[in-house]
Amino acid sequence: MVKKDFATVSEIKNLDGLYSVSLNVDGQILTVLSLDLSHAIKIGERVSLSIKSTSITIAKNLQGVLSCSNQLKAKVISVENGTLLSSIVLRIGTIELESIITLDACKQMGLQPNDLVIALVNASEIYIDEIGQ
C-alpha cells in the first residue's frame, strides 16, 4: 500500500453523491472517484493517498486509447523478481510507487531500471486518507 502526502486537489465534481476529484501529482493529473468525500476536502488542499501496489498496472510502449483515466508517466527505479511476482518501484516526478505484477509479465515487458513506462490506476482504486499536513 502506498501512502504519502503527495497530491494537491485541483478540481471537485459531484453528481448525485458520486465525487470525481482531480489531483495534481508533480504536474500530472490523477482522478479519484468516491462515494464518501469529506467536506474538508477543498481545491488547493494537500492530501495523502493510498493505492494498493497490486492496483498499479504497468504499460511499456503503450499505443492506442484506454478507458483508464489515470495514466502517469513513470521511470522504473528498481526491479526485484521473486518466484511468482515482481516488485517494480516507479518514480513519478518526486514520488515513488511500488507495483506488484507477475514475474511472467515483467519478463515479457523486459522491465529494467531507467525504462520509461506508464503507470495505470483505476480511479476507484485510489483512496484519500488524510487532508493537509
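Buried denotes a relative accessible area under 20%, exposed one over 50%, and partly exposed a value in between, computed with a 1.4 Å probe on protein chains only. The model is predicted: local features require a pLDDT of at least 70 and side-chain atom pairs a pLDDT of 80 or more, whereas totals for chains, interfaces and linings use all residues. Residues are numbered from 1 along each chain as its sequence is written, and side-chain values use heavy atoms, with hydrogens and water left out.

View 1. Arg-46 belongs to strand E4; helices (H or I, at least four residues) and strands (E, at least two) are DSSP runs, numbered from the N terminus. With a relative accessible area of 37%, Arg-46 is partly exposed. A polar contact of 3.1 Å links the side chain of Arg-46 to that of Thr-8. Such a contact is a pair of N or O atoms within 3.5 Å; within protein, one atom must be able to donate a hydrogen and the other to accept it, and residues adjacent in sequence count only if both atoms are side-chain atoms. Arg-46 and Leu-23 are 23 residues apart in sequence, and their C-alpha atoms are 9.0 Å apart in space.

View 2. Ser-22, a residue of strand E2, counts as buried at 9% relative accessibility. Contact means heavy atoms within 4.5 Å. When neighbours within four places in sequence are left aside, Ser-22 is in contact with Thr-8, Val-9, Ser-10, Glu-11, Ile-29, Leu-30 and Thr-31. Asp-16 is located in the loop between E1 and E2 and, at 79% relative accessibility, is exposed. Its phi is near 50°, a positive value in a residue other than glycine.

View 3. Two strands are taken as paired if DSSP finds at least two bridges between them. E7 pairs with strand E6 (residues 70-81) in the antiparallel sense over 6 bridges, and a hairpin through 3 residues joins these strands. Within this pairing, Val-76 stands opposite Leu-90. E7 also runs antiparallel to strand E8 (residues 95-102), with 8 bridges between them; here Ile-92 stands opposite Ile-95. The hairpin of E7 and E8 has 2 residues between the strands, and Gly-93 in it takes a positive phi near 65°.

**View 4. The largest nonpolar core and Leu-111.** A nonpolar core is a set of buried Ala, Val, Leu, Ile, Met, Phe, Trp, Tyr and Cys residues joined through side-chain atoms within 4.5 Å. The largest such core holds 31 residues, of which Leu-23, Leu-49, Ile-88, Leu-90 and Leu-111 touch the most other members. Two or more residues come from each of strands E1 (2-15), E2 (18-25), E3 (28-34), E4 (46-51), E6, E7, E8 and E9. E2 gives the largest share, 4 residues. Beyond its neighbours within four places in sequence, Leu-111 is in contact with Ile-58, Lys-60, Val-76, Val-79, Ile-88, Ile-101, Cys-106 and Val-117. In soluble globular proteins, nonpolar side chains tend to be buried together.

View 5. The side chain of Asp-115 reaches the backbone nitrogen of Gln-112 at 2.9 Å. Leaving aside neighbours within four places in sequence, Asp-115 is in contact with Lys-60, Ala-74, Lys-75, Val-76 and Gly-110. Asn-114 occupies the loop between H1 and E9 as well, but is exposed, with a relative accessible area of 54%. The phi of Asn-114 is near 80°, a positive value in a residue other than glycine.

**View 6. Cys-68 and Cys-106.** A disulfide is counted where two cysteine sulfur atoms lie within 2.5 Å, and by this rule the count is 0. The cysteine sulfur closest to that of Cys-68 belongs to Cys-106 and is 20 Å away, too far for a bond. Cys-68 is buried at a relative accessible area of 10%; Cys-106 is buried at 4%.

**View 7. Confidence along the chain.** pLDDT is the predictor's confidence in each residue, from 0 to 100. The protein chain averages 90, and 95% of the residues score at least 70. Confidence is lowest in E1, at a mean of 81, and highest in H1, at 97.
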